Amino acid sequence: MSWTNNHGESQRLASDAEAELRMGNSEAAKSLYGAAAEAELAALSSLERTQQRTRGITAVSAASLFMKGGELGEAEAFSLAMLGDRDLPEFALSELKAILRTVWSEMELLAAGLNFSKRDLFVAVRGGEVFTGGAPLDLIIRKIEEVRALFYRTVEWVSGLPLRLRGGPSYDIQQIFRPWLLHAPPSSYQFAVRLQSAPQMEFEFGRSIPAIEEIAGNFISILALAANEPDAGLAALVEDQGYRTTFLKLARNLAPTGRAFSELEIREGAPENEPTAVFREESRTRLNENIKRTLPTAPEVPHQRIQLKGILRAVHLDKDWLELTVRGQPEQHIRIDHTGDIIDDIVGPMINRPVIVDVLGSAAGRYRFQDIQAEE
């Protein structure tokens, strides 16, 4: 068969594997990925050595398919062999090295006997101050923390736990479910997240633990709906108003304001797959519109809606207030009351950082809290 036929067959098998993976049939997906890799090898063998670019593309595809199929030994041996082929173009050699690094990481994880979800997430941050392979440390740490917060909220929601307003996730949950940060191939600035679960057991008070694949599937669905259908779509999945609003606010934290970065993209399965969710400036605007519909109604006494910008200096949620420092001559320290059920893991990362606070201002110069978001 020709390269065209073999490569086409490989693409068909890989597409079928992706479909099986989305349905949770990981073993069937692995088998199809393996068959796709074999078809790609047949396509590679039909090429002349002078067809350097096509050989490079096909070699990278075969190595990636072996890895996706869980055939790590085959992926390792094939990648090492192709790295010795100096007729391959530089881009292919670079991508094969990245695949090889990922394969070795996978081998180490298997040797450690850890139980992971079969679904990886690749988070890429682009634009603004971010360039290929590099980004401000504080920005990336914030994004990692925001993904982590959303993950633990998903665990609590799927487990049927009451909405947590104060503090972090329980010790039990943190021990049973852990998001891991893994190496990802360079693409602007990118990191991979994989979800780990301990062996099956029970939460305190006898509540059973959901399967890691159920957690992963819902986590991915919430991200996708928050980015694409934050109103009706997310409401259909998450009926509880408190949880839904929390997910909207956590997703808004992921979206850019256009200053430090311009786009955050999340892909499921592999970095070359189509994006699951893309957060841009317009995403933040759309999420804000949905969140505003959930805000408490204004009291009957006259108030003016105001948006304040400054540095969040102090938070005292038990006493129902926060303090904002507004730069200027002179600098102002503004106390904002009635914070209500504002949630710790939404506001906590914003302390000592620029924020935008929506308030109701009274004629007496007092401010009543409505909403808060980070200003990147």
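**Entry 1: Arg55**

I started with Arg55 and found it in helix α3, residues 52–68. Helices here are DSSP runs of H or I with at least four residues, strands are E runs of at least two, and both are numbered from the N terminus. I am working on a predicted model, where local features need pLDDT of at least 70, side-chain atom pairs count only at pLDDT 80 or more, and totals for chains, interfaces and linings use all residues. Residues are numbered from 1 along each chain as its sequence is written, and side-chain values use heavy atoms, leaving out hydrogens and water.

Is Arg55 buried or exposed? I noted that it counts as buried because its relative accessibility is 7%. Buried means under 20% relative accessible area, exposed over 50%, and partly exposed in between, with a 1.4 Å probe and protein chains only.

Next I listed what Arg55 touches, taking contact as heavy atoms within 4.5 Å. Leaving aside neighbours within four places in sequence, Arg55 is in contact with Leu44, Leu47, Glu48, Arg49, Met82, Asp85, Asp87 and Leu88.

**Entry 2: strand β3**

I then looked at strand β3, residues 189–197. Of its 9 residues, 8 are buried, so the rest of the structure largely encloses it. For pairing, I needed DSSP to find at least two bridges between two strands.

**Entry 3: the barrel**

I traced 5 strands that close into a barrel, in the order β6-β7-β8-β10-β9, with mixed pairing. From one strand to the next, the twist averages 50°. These angles run from 0 to 180 degrees between N-to-C directions, with axes fitted as lines to C-alpha atoms, for helices over the stretch in contact.

Within it I checked β8 (residues 332–337) and β10 (residues 367–374), which run parallel and are joined by 2 bridges. Asp337 stands opposite Arg368 in β10.

**Entry 4: the chain as a whole**

I counted 12 helices and 10 strands in the chain. The C-alpha trace spans about 80 × 50 × 35 Å along its principal axes. Of the 376 residues, 49% are buried. I also noted that, among contacts between residues at least 6 apart in sequence, 65% join residues at least 24 apart.
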